[in-house]
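Dear colleague,

Please find below the structure I am handing over to you. My findings follow it, arranged by topic.

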Amino acid sequence: ARSPNRTREMADDEVLGEALGDDGYEQEESAAPPAGKKVDSAGRKVKGRGAKDANAQMEAEERYSGRAGQFESVDNEGGKGPAKSVEGWICFVSGINEEANEEDIYDKFSDYGEIKNLQLPLDRRTGFVKGYALVEYELRKEAQAAIEEMNGAEFMEKTLTVDWAFTKGPYKGRQSTRRMT
């Protein structure tokens, strides 16, 4: 019967024999990197997020080739004027009474077209309206009509200011707050 130590020694000799060649010297490692390890062209280990292997680069090229690589973008026609958001035309409404609610704003602005989205932020501490809202329309002409009609209008004892939320080019307001001497 063999002792457990003898069996372990034989197993160690087999592993050592695989690592050593017939001549008893260590064999050079094959060109293939160990499984799960990233190696650069010189055979050195590469660590970290910046390490990119050829497989990841090929996957990225395949992922963004053809139709899959075409992303939605907003038209950038140039020039000054309103800019469309990805989903529609957004009006920025300021000067809203703190006691107004979403329904009041919705009723007032739905006269000019179908409202796709309405955001009326509330103050966390007081629970009242912060004083502004974002109203989104599908069509530019609807948003333009709302701006023209509601800018300067009285609403719940306060004067509203309505303008485009996004514009191309320089802002149409004052050029600078710096005094000219």
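At 37% relative accessibility, Lys 116 counts as partly exposed. Please bear in mind that the model is a predicted one. Lys 116 forms a salt bridge with Glu 136, and the closest N and O atoms of the two are 4.0 Å apart. The structure holds one salt bridge. Lys 116 belongs to strand β3 and Glu 136 to strand β4, so the pair ties together parts that are 20 residues apart in sequence. As a general point, side chains of opposite charge can pair when their charged atoms come close.

**The surroundings of Glu 136**

Is Glu 136 buried or exposed? With a relative accessibility of 6%, Glu 136 counts as buried, because the cut-off for that class is under 20%. Beyond the salt bridge with Lys 116, the side chain of Glu 136 reaches the backbone nitrogen of Gly 88 at 3.2 Å. When residues up to four places away in sequence are not counted, the residues that Glu 136 touches include Ser 85, Trp 89, Glu 114 and Asn 117. Ile 90 and Ile 115 are also among them.

**Overall composition**

The protein has four helices and eight strands. From the N terminus on, these elements follow the order α-α-β-β-α-β-β-α-β-β-β-β. Of the 181 residues of the protein, 20% count as buried. Among the contacts with a separation of 6 or more, 59% are accounted for by residues 24 or more positions apart.

**The four-stranded sheet**

Four strands form an open sheet in the order β3-β4-β2-β7, and their pairing is antiparallel. The edge strands are β3, residues 115-119, and β7, residues 161-164, each of which pairs on one side only. On average, and with direction ignored, neighbouring strands of this sheet are turned by 20° against each other.

The pairings across the sheet may be described one by one:

- β3 and β4 (residues 132-137) pair in the antiparallel sense over four bridges; Ile 115 has Tyr 137 as its bridge partner in β4.
- β2 and β4 run antiparallel and are joined by six bridges.
- β2 and β7 are likewise antiparallel, with four bridges joining them; the bridge partner of Val 93 in β7 is Val 162.

**Helices on the sheet**

Which strands does helix α3 touch? Helix α3, residues 102-109, packs on the sheet and touches β2 (89-94), β3, β4 and β7. The direction of α3 makes about 145° with that of β3. Helix α4, residues 140-150, lies across β2, β4 and β7 and runs at about 150° to β7.

Helix α4 deserves a separate description. Its buried residues are Glu 142, Ala 143, Ala 146, Ile 147 and Met 150. These residues cover an arc of only 135° around the axis, which puts them on the same side of α4. The buried residues of α4 pack against β2, α3, β4 and β7. On the face of α4 turned away from its buried side are the exposed residues Lys 141, Glu 148 and Glu 149.

**Backbone positions with positive phi**

Just after α4, Gly 152 takes a positive phi of about 90°. What is the phi of Met 156? Phi of Met 156 is near 55°, a positive value in a residue other than glycine. Met 156 is placed in the loop between β5 (154-155) and β6 (158-159), and a relative accessible area of 31% makes this residue partly exposed. Glu 157 is found in the loop between β5 and β6 as well. Although not a glycine, Glu 157 has a positive phi of about 65°. At 78% relative accessibility, Glu 157 counts as exposed.

**In summary**

The antiparallel sheet β3-β4-β2-β7 carries helix α3 packed on it, and helix α4 lies across β2, β4 and β7.

With kind regards

Conventions. Residues are numbered from 1 along each chain as its sequence is written. This is a predicted model: local features need pLDDT of at least 70, side-chain atom pairs count only at pLDDT 80 or more; totals for chains, interfaces and linings use all residues. Side-chain values use heavy atoms; hydrogens and water are left out. Two strands pair if DSSP finds at least two bridges between them. Helices (H or I, at least four residues) and strands (E, at least two) are DSSP runs, numbered from the N terminus. Axes are lines fitted to C-alpha atoms, for helices over the stretch in contact, and angles run from 0 to 180 degrees between N-to-C directions. Contact means heavy atoms within 4.5 Å. Buried means under 20% relative accessible area, exposed over 50%, partly exposed in between (1.4 Å probe, protein chains only). A polar contact is a pair of N or O atoms within 3.5 Å; within protein, one must be able to donate a hydrogen and the other to accept it, and residues adjacent in sequence count only if both atoms are side-chain atoms. The arc is that of the directions from the helix axis to the C-beta atoms. A salt bridge is a side-chain nitrogen of Lys or Arg within 4 Å of a carboxyl oxygen of Asp or Glu.
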